[in-house]
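Dear colleague,

Please find the structure below, handed over for your records. My findings follow directly after it.

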Amino acid sequence: MSETAPESTPKSNGKRLGLGCLVVAIVVIGVPAACTAVLSMGGSGSDWTPTVTEARTVCEGWVKDQLKAPATAHFVDGSSTGSAGTYSISGSVDAENSFGALIRTDWTCTIDYSATDKKWHGSADLAN
């Protein structure tokens, strides 16, 4: 007569089920809440107004596009006027020229955000 040990069931099944339910609850509740928070921060909401900081970032990108060594650009100084998506921004940028010398160049930018096509329009000009 051979005896066999009684089968044991893992005691962690209940814990795993509870953890799984918690993960599902986080996904079901957390993801929509996170998406709502992101949208309310300006992504595509109709009440979003572009800020001067966002405009300056776009202008600096346009300035970098005109530099010989954009990776060396360091923006200094600056001023801005305007509001509600229409701005005039100016400043200086230190960047290397064709010969590797660090040169400071003044720049100006006029920029406007179009809610119709959701794009920035304008131009950035470097002083010669």
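Does Ser114 count as buried or exposed, and what is its relative accessibility? Ser114 counts as buried because its relative accessibility is 17%, where buried means under 20% relative accessible area, exposed over 50% and partly exposed in between, with a 1.4 Å probe and protein chains only. The residue has its place in strand 3. Leaving out residues up to four places away in sequence, Ser114 touches Lys119 and His121, contact meaning heavy atoms within 4.5 Å.

A note on the basis of these values is in order. This is a predicted model, in which local features need pLDDT of at least 70 and side-chain atom pairs count only at pLDDT 80 or more, while totals for chains, interfaces and linings use all residues. Residues are numbered from 1 along each chain as its sequence is written, and side-chain values use heavy atoms, with hydrogens and water left out.

Overall architecture

The chain holds 2 helices and 4 strands, arranged along the sequence as α-α-β-β-β-β. These elements are DSSP runs numbered from the N terminus (helices H or I, at least four residues; strands E, at least two). Of its 128 residues, 21% count as buried. The accessible surface of the chain comes to about 9300 Å², with 59% of it belonging to carbon and sulfur atoms; areas come from the Shrake-Rupley method with a 1.4 Å probe, and for residues only the protein chains shown count as cover. Among contacts between residues at least 6 apart in sequence, 41% join residues at least 24 apart.

Aromatic pairs

The whole structure contains 2 aromatic pairs. Rings of Phe, Tyr and Trp (its six-membered ring) pair if their centres lie within 6.5 Å; planes under 30 degrees apart count as stacked, over 60 as edge-to-face and the rest as tilted. Phe75 and Trp107 form an edge-to-face pair, at 6.0 Å centre to centre and 90° between the planes. Phe75 lies in strand 1 (residues 74-83) and Trp107 in strand 3, so this pair ties together parts that are 32 residues apart in sequence. Trp107 is buried, with a relative accessible area of 2%.

Tyr113 and Trp120 also form an edge-to-face pair, at 5.2 Å and 65°, and both residues are buried. Trp120 is found in strand 4 (residues 119-126) and has a relative accessible area of 18%. Beyond its neighbours within four places in sequence, Trp120 is in contact with residues including Pro50, Glu54, Val58, Trp62, Tyr87 and Ile111. The C-alpha atoms of Trp120 and Cys59 are separated by 9.5 Å, although the two are 61 residues apart along the chain.

Positive phi values

Most residues other than glycine have a negative phi. Asp77, in strand 1, has a positive phi near 55° and is exposed at 63% relative accessibility. Lys118, in the loop between strand 3 and strand 4, likewise has a positive phi near 55°; its relative accessible area is 53%, so Lys118 is exposed.

The largest pocket

The largest pocket has a volume of about 190 Å³. A pocket is an open set of points on a 1 Å grid over the protein atoms alone, where a 1.4 Å probe fits, with protein on both sides within 12 Å along at least five of seven lines; lining residues have an atom within 4 Å of a point. Grid points are joined across faces, edges and corners, and the volume is the space filled by probe spheres set on them. Strand 2 gives the largest share of the lining, 3 residues.
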